[in-house]
Amino acid sequence: MEDHTSRPEFIQAVQSGAGKIIRFSKTTNQNMLYVAIPLYKNNKPIAVIRTSSYLYEINRNLHSVNMKIIYSAIILTVLALLLAVLSSRGLTKPIRVITNVAERIKNGDFNSRIISKRRDEIGRLSSSINEMAESLDKLFNGLTEEREEIKTILSSMTESLVVLDDKGRIVLANDNFKNIVGESASIIEDKYYWQVVQNSNFVDLVKQTNLTNTQQSYEIGFKDKIYLANANVVTKTREKRIVVVLHDITDFKKLAQVKSDFVANVSHELKTPLTSIKGYAETLSEETGRKYKKLIEPIERNAERLINIVQDLLTVSELERKEEEVHVEQIDLSVMLANIKKIFAAKMKEKRISLKYEINDDTRFIEGDSFLIEQMLVNLIDNAIKYNVEKGKIGIKSYVSGNNVVIEIEDTGIGIAPEHLPRIFERFYVIDKSRSRRLGGTGLGLSIVKHIVLSHNGKIDVQSEIGKSTKFIITLPV
């Protein structure tokens with residue numbers, strides 16, 4: 001028997017536990033694979049098993065196994081692809097249907113629905129989209145009805161209305177506004193208001209409202225009509241909006257003008273005969289002596305009262321015509337009050353009334369119409385004297401409040417009851433007719449005062465307490 005212990009695979013098996021080698025066999029005359037494995041007993045090698053095999057058979061077997069694996073992989077891949085295609089078709093078709101319905105809903109077709117009997121996620125998604133479409137349909141119908149209702153309301157308004165955004169573009173306008181500016185419905189929206197409304201007062205109104213974020217009112221003339229325009233800012237929406245409403249006051253203005261002209265004409269016509277009556281009554285009083293004095297004195301007194309009423313009516317009419325023609329100049333308030341105090345010196349001495357004024361240095365010089373401001377102060381001080389008590393007091397002070405000059409005139413007189421305060425600036429409104437007649441009041445003094453204050457873009461308020469005091473507060477812009 002041939003000794004194989006010297007072979008490489010044998011030595012390698014003994015040393016490392018297994019041995020293998022490929023070498024040329026002289027016996028078979030070809031390359032062979034030799035493998036050796038030791039056998040152990042009680043952890044000691046007792047023998048070595050050695051075997052050999054033809055290499056081409058091994059390669060052939062390996063090649064056969066590899067081919068089987070490759071064929072199996074190809075078959076599995078094809079089956080997987082077929083399964084994927086079938087599965088994707090089952091998924092993409094309903095997804096495509098859902099996508100098409102979603103597109104139609106997006107374009108406003110809220111009646112589109114997905115027909116699906118599936119109970120998986122796609123089925124639930126289809127149901128959700130159907131429910132969403134139904135909700136959108138109801139919501140859209142509701143919004144459409146509301147919009148039509150708003151359009152109907154706006155169209156039925158007698159006022160003209162326009163809504164602007166913060167950049168001045170027209171967002172909404174009713175038919176009356178379009179008729180005023182002469183624009184058709186198809187071209188007015190999305191235009192800037194200054195492209196549509198060629199009116200400087202309207203432009204100033206919008207600019208002032210946008211700048212101050214407060215309500216503004218202007219009288220604006222369009223063609224042959226006059227409108228009272230009220231503009232306000234609406235900030236409750238997502239974007240800032242300016243709402244302008246125009247009220248047609250043409251007839252009111254014409255009526256007011258007719259009334260003013262009538263009062264002015266009648267007053268002019270009455271002034272001359274009343275002056276004559278007063279003159280003749282004074283002459284009769286001098287000629288007849290005491291015998292007819294008691295009869296003539298009432299004629300003189302009532303003639304004088306009528307002359308005062310006529311003069312006040314003429315003053316009011318003149319103020320109404322020139323409200324926007326105030327002559328602005330610098331006024332020294334201290335000097336003006338000193339002169340007025342001299343005018344009423346005799347009346348104050350008669351009732352022993354004291355008048356004191358404190359004029360702040362910041363408000364000594366104010367701007368306004370000197371004649372009108374003096375007339376305003378004269379009327380208020382005259383009332384403070386007439387309706388004051390014996391040994392009463394009159395106090396006048398001025399101060400700055402924000403962008404305004406405030407003038408306060410307070411007396412210690414009889415006061416005004418709360419129910420009369422809202423009406424005291426009305427024409428001919430008299431609280432105590434007998435007292436007013438006795439004191440020579442015409443019921444027009446405070447109306448004149450209010451006209452003067454308004455002509456200076458100011459405001460006047462009154463505070464009073466029966467039996468204690470009355471305070472008039474005039475606020476004029478700096």
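Rings of Phe, Tyr and Trp (for Trp, the six-membered ring) pair up here if their centres lie within 6.5 Å; planes under 30 degrees apart count as stacked, over 60 as edge-to-face, and the rest as tilted. By this rule, the count comes to seven aromatic pairs. Keep in mind that this is a predicted model.

## The aromatic cluster

Take Phe177 and Phe202 as an example: the two rings sit 6.3 Å apart, centre to centre, with 40° between their planes, so the pair is tilted. Phe177 belongs to helix H4 (residues 175-181) and Phe202 to helix H7 (residues 200-212), so this pair ties together parts that are 25 residues apart in sequence. Are these two residues buried or exposed? Phe177 is buried, and Phe202 is too.

The pairing goes beyond those two. Ring pairs join Phe177, Tyr192, Tyr193, Trp194, Phe202, Phe222 and Tyr227 into a cluster.

## The chain as a whole

Stepping back, the protein chain has 14 helices and 15 strands. It runs to 478 residues, and 33% of them count as buried. The chain exposes about 31200 Å², with carbon and sulfur atoms supplying 54% of that area. If you take the contacts between residues at least 6 apart in sequence, 52% of them join residues at least 24 apart.

The largest nonpolar core holds 39 residues, and Met376 and Leu377 are the ones that touch the most other members. Several elements each supply at least two residues of this core: helices H10 (333-343), H12 (370-386) and H14 (445-455), plus strands E10 (354-359), E12 (393-401), E13 (404-411), E14 (459-465) and E15 (469-477). Which of them gives the most? That would be H12, with eight residues.

Setting aside neighbours within four places in sequence, Leu377 is in contact with Leu333, Met336, Leu337, Ile340 and Ile409.

There's also a second, separate core, made of 24 residues, and its members include Val196, Leu205, Val206 and Val244.

The buried ones are Gly445, Leu446, Ser447, Ile448, Val449, His451, Ile452, Val453 and Ser455. Just past the end of H14, Asn457 takes a positive phi of about 60°.

## Salt bridges

Side chains of opposite charge can pair when their charged atoms come close. The structure holds nine salt bridges.

| Residues | N to O distance |
|---|---|
| Lys225 and Asp248 | 3.6 Å |
| Asp332 and Arg364 | 3.1 Å |
| Lys471 and Glu408 | 3.7 Å |

Start with Lys225 and Asp248, whose side chains meet in a salt bridge. This pair links distant parts of the chain, with Lys225 in strand E7 (residues 225-234) and Asp248 in strand E8 (residues 241-248), 23 residues apart. Lys225 counts as partly exposed because its relative accessibility is 36%, which falls between the 20% and 50% cut-offs. Asp248, at 39%, is partly exposed as well.

Next comes the salt bridge between Asp332 and Arg364. Asp332 lies in strand E9 and Arg364 in the loop between E10 and strand E11 (365-368), so the pair ties together parts that are 32 residues apart in sequence. For the record, strand E9 covers residues 329-332. Why does Asp332 count as buried? Because its relative accessibility is 18%, and buried means under 20%. Leaving out residues up to four places away in sequence, Asp332 touches Arg364 and Phe365.

Then there's Lys471 with Glu408. Here, too, the pair links distant parts of the chain: Lys471 is in strand E15 and Glu408 in strand E13, 63 residues apart. Both Lys471 and Glu408 are buried.

Finally, salt bridges can also join up: Lys347, Asp382 and Lys386 are linked in a network of them.

Definitions and conventions
Residues numbered from 1 in each chain as written. Predicted model: local features only at pLDDT ≥ 70, side-chain atom pairs only at ≥ 80, totals over all residues. Heavy atoms only, no water. Helix = DSSP H or I, 4+ residues; strand = E, 2+ residues; numbered from the N terminus. Buried < 20%, exposed > 50% of the residue type's maximum accessible area, 1.4 Å probe, protein only. Contact = heavy atoms within 4.5 Å. Core = buried A, V, L, I, M, F, W, Y, C linked by side-chain atoms within 4.5 Å. Areas by Shrake-Rupley, 256 points an atom, 1.4 Å probe, with all protein chains shown as cover. Salt bridge = Lys/Arg side-chain N within 4 Å of Asp/Glu carboxyl O.
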